[in-house]
Amino acid sequence: MRITVEHLSYRYGEKDKNLTVPALCDVSLEINEGDFFGIIGKTGSGKSTFVQHINGLIKVQKDSGKVTVADFDLTDKKCDYKALRSRIGMVFQYPEYQLFAETVKEDVGFGLKNFRPDIKEDEAERLVKEAVELCGLNYDAIKDVSPFDLSGGQKRRVAIAGVIVSKPEVLVLDEPAAGLDPKGKEEFLQLLVKFHKTFAKTIIIVSHDMDLIAEYCNRAAVFKGGRITAVGTPKEIFSDYENVIDCGLQLPVTAAVVKTLKEKGVNIDCDFTVNSFVAAVKRFKDGGNL
Amino acid sequence: MRDVSFGSYYPAKSFVHNMDARAKILISIAFIVAVFLVRSFHFLGFAACAFFVVLSAVTARIPFFKVIKSIRTILFFIVLSAVLQVLFNKNGTPLWEGGFITDIGLINAGFIVARITLVVTGASLLTFTTTPVELADGIESLLTPLKLIKLPVHEFALIMSIALRFIPTLIDETDRIIKAQKARGADFESGNIFKRLKALIPVLIPLLISSFRRADELADAMDARCYAGSKNRTKYKKMKLSYRDIIGFIVIAGLITGVVFLNKFYIVLAVGV
Amino acid sequence: MALLEVQNVSYSYEKNKPVLKNVSFRVEEGEHVAVIGHNGSGKSTLAKLLNALLIPASGTVTVDGFSSADKKSLFEIRKRVGLVFQNPDNQLVASIVEDDVAFGPENIGVKREEIKERIDFALSAVGMQDFLKASPMRLSGGQKQRIAIAGVLALKPKILVLDESTAMLDPAGRAEIAEVVKTLKKDGVTVISVTHYMDEAMTADRIFVLSKGEIIKTGSPKEVFSDRETLKAAELCVPLATSIADKLKENGVDVRGDVFTAEDLGAALCV
């Protein structure tokens, strides 16, 4: 599913003209099928408002641009949001706070039953089980347990299972690693890679963690004050140090080191993932230059 | 994040904004009493009350459309009361031969509309010019005498101000949960009333659970800051009556006197009482 | 005697499921200690034991000579140990900044004039003096958390315990808190940061590594982050720059000196 956003603007507080704050201002962006796309920017730069447009949680305002996802036209009043949302999963910050059902099975199945009201019970259970296990949990052990009795890490996995249960082709995640400890974060990112390889052809991740963006994303967009200031590969984005700093962001560790070395006259050419950085330094070193 | 402004506080620098919250609460109560003192068919009394509302709104620098807007939320209720009066009043002369709408019915309807409108606009002026916190503090201060009969006034006031403090937080949270469930295909907008109520469960339960968690954490945070009830507690905010409040009291006293006077020497506007 | 002494402390919420096992340490006045550990390692429980929100099942916590086991010293301890929590939204009681900061002093019966002074002192300490009349709802996460710190500082504590106080903040907010901690340390406040951000722990004088309810390592940041085995056992990891340096070494690149930050790594590669 290709996502095309053209000249999108959005103002909060539409009713009272004096209070309007432009949250998005003439934003155009294309996200291709297969992208592991990073959305970066300071808090309040418009990132969240932007991604919530993609599955129609925020509706495109009148005369404020166009959003198209595959053949869904989100400016069209007759757009079938339910069908759209079944194909775009969205994981909010601290997703464990959306758990509500009495059992894990019921909670994970919630989305499935909303999207496919006529689904057969055994088919639903099969899909729920698959989602829970994909998230690294033992389905038979926890299916009848209350989600509130699980540990923090398990809760988050159950919540994510509840989103991926409909096997969305696009998965949008807003700061998904928040509150996880280092090991939890690492495991979670591996989970995302697994999703990307299987059903979620496109992954869009909103994050403050530049190291994560540099390591996992193939493309990214930088937001500042409701506008996009840069779009490209992490290599392109983090090579433009001035823009990154100007947008109130930090450089990933690899890019920061490359910058330091560049200032000393040493040019390291890498795409800012750890492995490419190490390989590039080694190449340089083997050339006897460092 | 969206700017959630709670309540109807209208920030401005004005005579009324600067008045003591306690004075404003007392004056508002007195105003409601004044409105209820106006006897049937004495519309001049209402005119006096309306004049008071207009005067207050002007001194408070509240745009007039704001005051009018405050009626909107209960407009349905006002219209319903008026319609019921018109339809079911059997007294008075029918307006046309054999008709069921009587002149008294119409006058009564007008009376009810005037009464509710005045009470609501008057009360809205209190909330327009007084922050919820000031209101809570004012109520606490006014209720202080009740401490003598061992009523936990301080605790009530604290509960009230904490509730006020958390309303915007919970509104934000509700918004987020609704969006999260919508993303999972939840539908809050279609189906009959029962279906819609049922659709709210996935919102209400997480909200309830998170409120408990917040309450728990808040209790810890309060304990950590040495909270131990009202015993030996000092108060940072001090309320002081000023000349403004005295003027306010004089004006409201004038209004009540006026209404009582008009009640005695009224001009009959209605017929057939 | 040390300012804070924790001796053989154990604690459990449920029977036979100890969250902390026989934990002992002391913290001297003016020190900055970081407690690191995975989620569920008992970090937050430890933080709550330090200011008598929890009382140890066995062992003692002594602050400035007051033992938390003694009910009468409850408030003496809480006045001395300020505790700031994770979620700024859940620890602010009032809708106006100055009222919130006043809450602590009001509780301990400070006179009105002095409360005013304490508010000014506490808000300046966190650099929020211009927000006296602001509504916390309109502030950023970092600013809210600074107000929460000010609310605790208004009690003039000797020890400030930050219980994952940056976990919910964005990098800008984390930087604000780091700046506040730096200032407070200069003013002689003892700081205990409970965190799982390794870069935050780096700024401490000493690090305690907590794993499954036990302190398995104590030492300077350098000592702790050089001990890869212990970190692994505690389900933690070294800062990213350190792990990159390790990878470089594995690949035969000579990286001299200790590397904990991007600056270290840049410097190490330049020589």
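**Interfaces of chain C with chains A and B**

Helix α11 of chain A is followed by A:Gly265, a residue with a positive phi near 90°. The model described here is predicted. Within α11(A), which spans residues 253-263, the buried positions are A:Val253, A:Thr254, A:Ala255, A:Ala256, A:Val257, A:Val258 and A:Leu261. The cover over these buried residues comes from two chains: it includes α8 (210-216), α9 (234-239), α10 (241-246) and α12 (274-286) of chain A, together with α10 (240-250) and α11 (262-270) of chain C.

The contact between chain A and chain C was examined next. It involves 25 residues of chain A and 24 residues of chain C. About 2200 Å² is buried between the two chains, with carbon and sulfur atoms giving 73% of this area. On the chain A side, A:Asp181, A:Pro182 and A:Val278 lose the most area to chain C, and together they account for 22% of what that side buries. The interface of chain A and chain C holds 1 salt bridge. This salt bridge joins A:Lys183 to C:Glu235, with the closest N and O atoms 3.7 Å apart. Polar contacts between chain A and chain C number 5 residue pairs, counted where both residues have pLDDT 80 or more. Three helices of chain A, namely α7 (182-197), α11 and α12, each give two or more residues to the side that touches chain C. Of these, α12(A) provides the largest share, 7 residues. By class, the side of chain A that touches chain C consists of 12 nonpolar, 7 polar and 6 charged residues.

Chain C also contacts chain B, with 39 residues from chain C and 32 residues from chain B taking part. The area buried between chain C and chain B is about 3100 Å², 52% of it on carbon and sulfur atoms. C:Asn90, C:Glu106 and C:Arg112 supply 22% of the area that chain C buries against chain B, more than any other three residues. There are 4 salt bridges between chain C and chain B. One of them pairs the side chains of C:Lys48 and B:Asp220, at an N to O distance of 3.2 Å. Polar contacts between chain C and chain B are found for 19 residue pairs, with both residues at pLDDT 80 or more. On chain C, α2 (74-80), α3 (97-107), α4 (112-125) and α5 (141-153) each contribute at least two residues to the side that touches chain B. The most comes from α3(C), with 10 residues. The side of chain C that touches chain B is made up of 19 nonpolar, 9 polar and 11 charged residues.

C:Val110 lies in the loop between α3 and α4 of chain C. C:Val110 counts as buried because its relative accessibility is 7%, below the 20% cut-off. With neighbours within four places in sequence left aside, C:Val110 is in contact with B:Thr234 of chain B and with C:Pro105, C:Ile115 and C:Arg118 of chain C. C:Leu155 is 45 residues away from C:Val110 along the chain, and the C-alpha atoms of the two residues are separated by 9.4 Å.

Chain B itself is divided into two domains: domain 1 covers 21-140 + 240-264, and domain 2 covers 168-224. Taken over C-alpha atoms, the centres of domain 1 and domain 2 of chain B are separated by 37 Å.

Key:
Residues numbered from 1 in each chain as written. Chains lettered and ligands numbered in written order. Predicted model: local features only at pLDDT ≥ 70, side-chain atom pairs only at ≥ 80, totals over all residues. Heavy atoms only, no water. Domains from an automatic or database assignment. Contact = heavy atoms within 4.5 Å. Buried area = accessible area lost by both parts, 1.4 Å probe. Polar contact = N/O pair within 3.5 Å; in protein donor to acceptor, adjacent residues only side chain to side chain. Helix = DSSP H or I, 4+ residues; strand = E, 2+ residues; numbered from the N terminus. Nonpolar A, V, L, I, M, F, W, Y, C, P; charged D, E, K, R; others polar. Buried < 20%, exposed > 50% of the residue type's maximum accessible area, 1.4 Å probe, protein only.
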